[in-house]
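Welcome! Let's take a friendly walk through the charged side chains of a protein model. Have the picture ready and follow along.

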Amino acid sequence: MTSISLYSQRDPMLKKRDDFEDMLEERRSSSDLKYAFKCYTPVLYKGMPPCKTTVLKSMVLHSDQLRYVINQVSKETGESAGAIQEEASAILEEMAHRLQLSTVRFFAFALTKAFKTLFRSIHVNEEGLQRLQQAIQDHPVVLLPSHRSYMDFLLMSYILYTYDLALPVIAAGMDFMGMKFVGEMLRMSGAFFIRRSFGGDKLYWAVFSEYVKTMLRNGMAPVEFFLEGTRSRTCKSLTPKIGLLNIVMEPFLKGEVFDVSLVPVSISYERILEESLYARELLGVPKPKESTSGLFKARKVLSEDYGSIHVYFGHAVSVRTLSEGRVDRRQFNLQPRFIPKKPSEDTQGFVSAVAYRLVRSQEENMVLMPWVLLASLLLQAHYRGPLLEPHRPQGMTLEELTQRAVWLRGLVRGLGAFLHWPDDKPPSEVVSASLSLHQGLVRVSEGRVRLLLEEPAGGPGPASPEERLLGAAVAVLSCASYRNQVLHVFLRPALLATAVHTASSGKKEEVFDTFSFLRNVLANEFILCPGAAVQDFEEACQQLVQSGALQASQQQLTATDRGEPTLAFLTAMLEPFLQGYQVVCRYLCEEASESLTEKLFVPAVRNFTVKLLLAGNLRYCEALSSDLQKNALAALLRLGAVRRVNGGEQVTLKVDRMLLNTLEDTLGGKVPSQKAVLARL
């Protein structure tokens with residue numbers, strides 16, 4: 001592995017990506033039963049034989065670390081070590097996987113039937129799988145897939161079984177364990193179940209961490225987990241959670257293994273199974289509880305077409321290589337390895353930087369389908385018209401949409417995007433096929449294309465304005481989830497385009513200050529590596545100069561006439577987020593009470609936003625998204641505009657109205673307050 005830097009600029013045009021093969025092609029022409037019962041002989045780490053689950057549990061329960069923690073907990077609670085040992089055994093029994101090849105074969109058969117019905121194709125990069133096979137033999141491997149659908153972990157195991165690679169053990173939430181029959185089936189296919197939150201439970205943490213590290217140290221199987229922690233309901237990357245990453249890197253940092261290979265995997269869906277479900281969750285409709293009955297009720301999805309999937313296995317990232325010059329491993333020799341120790345600030349910073357790098361790698365290898373470009377264009381067209389007029393001549397003509405899509409295709413390719421656009425077909429055919437696949441979101445009528453606004457469910461009378469608004473919001477948020485898939489390509493150029501538009505002059509220093517301010521505010525919304533503002537600014541400048549949208553001298557940045565459409569499109573991409581953050585600032589300034597808690601925050605902001613939308617004082621339904629509202633609050637807490645106050649019975653939110661007003665004005669493009677707010681931040 002040659003990459004040493006945790007954050008490196010890249011020339012997107014020079015990046016070579018692997019070719020894809022459709023793994024369903026062979027499945028469609030051969031026996032599913034024969035495939036499920038094929039000879040399966042994966043090669044494990046250093047050629048080791050598979051380890052029985054009973055042996056794994058025994059190794060965990062008799063480990064030095066767990067025995068140490070059991071004694072510590074015994075001293076703290078006064079309970080006997082034997083009683084705590086039994087509790088640890090019960091935790092492990094609840095948690096542990098029981099991987100059985102017979103169950104894997106059942107899933108192989110059932111998933112083949114389902115995948116052939118749901119998807120036109122499942123494309124994988126076979127070169128990436130060859131690299132993974134070698135990595136598994138050389139070092140302990142951690143698989144880190146992106147997470148946009150429940151389908152992700154099933155798909156990963158299905159691919160590895162198909163290509164005769166070692167099946168992973170997968171960290172899964174306790175929600176799945178409660179599903180009758182299905183929960184145990186998942187356990188027997190490699191899932192191990194963990195709580196969403198451990199709190200201060202030392203014993204649970206010790207059992208969990210030792211379980212993962214034992215599997216990793218001994219190379220029993222690749223360990224798989226989702227770096228983002230949960231599914232992204234918005235289909236853009238979430239801020240990485242580093243708890244599990246800390247655990248899997250510890251055996252290397254303590255010198256227990258020579259290296260650990262981290263493999264980012266990018267899973268791209270042409271059409272997401274949960275698209276409308278996600279939109280409703282973002283609008284406050286509770287998530288359906290995972291259940292076996294719910295799974296069977298969802299069988300109707302088998303009658304629909306979900307297009308294709310692309311799965312890209314990235315290059316393995318060597319923890320050993322990344323840590324050179326960044327982490328002094330001698331610090332781990334100052335006490336016995338089995339004594340748990342909180343990672344130092346330097347180690348935490350290193351792990352966090354690695355996490356951001358891995359998520360960016362996932363983003364860069366996401367395959368974008370034509371629909372994400374069409375969704376971006378249709379959303380911008382939608383926002384140009386009145387909000388709740390279902391029969392307005394809104395949207396775009398099919399001809400205009402095709403022309404704009406071709407223009408946008410050139411822009412995203414110039415920015416280094418991984419775009420799957422069939423160049424052997426006329427653009428009009430590509431656009432029509434994409435609109436047909438997503439006919440639940442768009443309507444083509446009289447030569448015009450517009451979003452298909454959801455009609456409220458029938459009731460005793462006409463729908464209220466609020467019901468019509470929420471129906472429109474479902475369509476907008478569903479479409480936005482596809483637009484969001486391309487945001488990582490446009491993010492840095494869009495921040496720069498907005499900064500050029502907002503800054504009081506074209507001086508590079510002033511544009512950079514505005515760029516840094518916007519980047520700082522939106523750091524909870526997007527994957528923006530901490531401490532990399534200069535690199536991001538330089539990358540964005542290079543991209544927009546190469547595209548012809550900007551001219552740059554040593555001291556000045558100037559927009560060009562030919563670059564006006566590009567800059568207008570880029571600023572429009574960020575506008576829903578900036579307006580959403582303004583709405584949150586405005587609510588906290590005008591309506592937040594002294595007793596406001598985080599639990600009450602999202603419903604209160606949602607009601608406030610509905611009023612603004614119905615009054616015509618806000619254009620963007622995306623401001624209703626609970627994800628955006630929570631990210632905005634996290635940013636304001638980080639920036640000091642809001643702080644938590646512990647009042648004994650409950651924690652309330654205390655607001656700094658002066659700073660919030662300044663932030664709202666600055667996000668709205670009122671330049672005079674810019675330097676003041678930068679100084680405060």
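Let's begin with Asp 152, which lies in helix 8, made of residues 151-162. Keep in mind as you look that this is a predicted model.

Which side chain of opposite charge is nearest to Asp 152? That is Arg 148, 6.6 Å away. Asp 152 is buried and yet has no salt bridge. Its side chain does have a polar contact, though: the partner is the side chain of His 147, at 2.8 Å.

## Salt bridges across the sequence

How many salt bridges are there in the model? The count comes to 33. One of them pairs Asp 18 with Arg 131, with 2.9 Å between the closest N and O atoms. Asp 18 sits in the segment before strand 1, while Arg 131 belongs to helix 7 (residues 126-138), so this pair ties together parts that are 113 residues apart in sequence.

Are these two partners buried or exposed? Asp 18 has a relative accessible area of 7%, so this residue counts as buried. Arg 131 has a relative accessible area of 24% and is therefore partly exposed.

## Buried pairs and a network

Now look for Lys 254 and Glu 250. Their side chains form a salt bridge with an N to O distance of 3.2 Å, and both residues are buried.

Another salt bridge joins the side chains of Glu 539 and Arg 360, at 3.9 Å from N to O. Glu 539 is found in helix 23 (residues 533-547) and Arg 360 in helix 16 (residues 345-364), so the pair links parts 179 residues apart in sequence. The relative accessible area of Glu 539 is 3%, which means that this residue is buried. Arg 360 counts as buried too, because its relative accessibility is 8%. Salt bridges can also share partners: Asp 32, Lys 113 and Lys 116 are joined into one network in this way.

Asp 19 is placed in the segment before strand 1, which covers residues 21-22. Why does Asp 19 count as exposed? Because its relative accessibility is 61%, and exposed means over 50%.

Notes: Residues numbered from 1 in each chain as written. Predicted model: local features only at pLDDT ≥ 70, side-chain atom pairs only at ≥ 80, totals over all residues. Heavy atoms only, no water. Helix = DSSP H or I, 4+ residues; strand = E, 2+ residues; numbered from the N terminus. Buried < 20%, exposed > 50% of the residue type's maximum accessible area, 1.4 Å probe, protein only. Lys, Arg positive; Asp, Glu negative; His and termini not counted. Salt bridge = Lys/Arg side-chain N within 4 Å of Asp/Glu carboxyl O. Polar contact = N/O pair within 3.5 Å; in protein donor to acceptor, adjacent residues only side chain to side chain.
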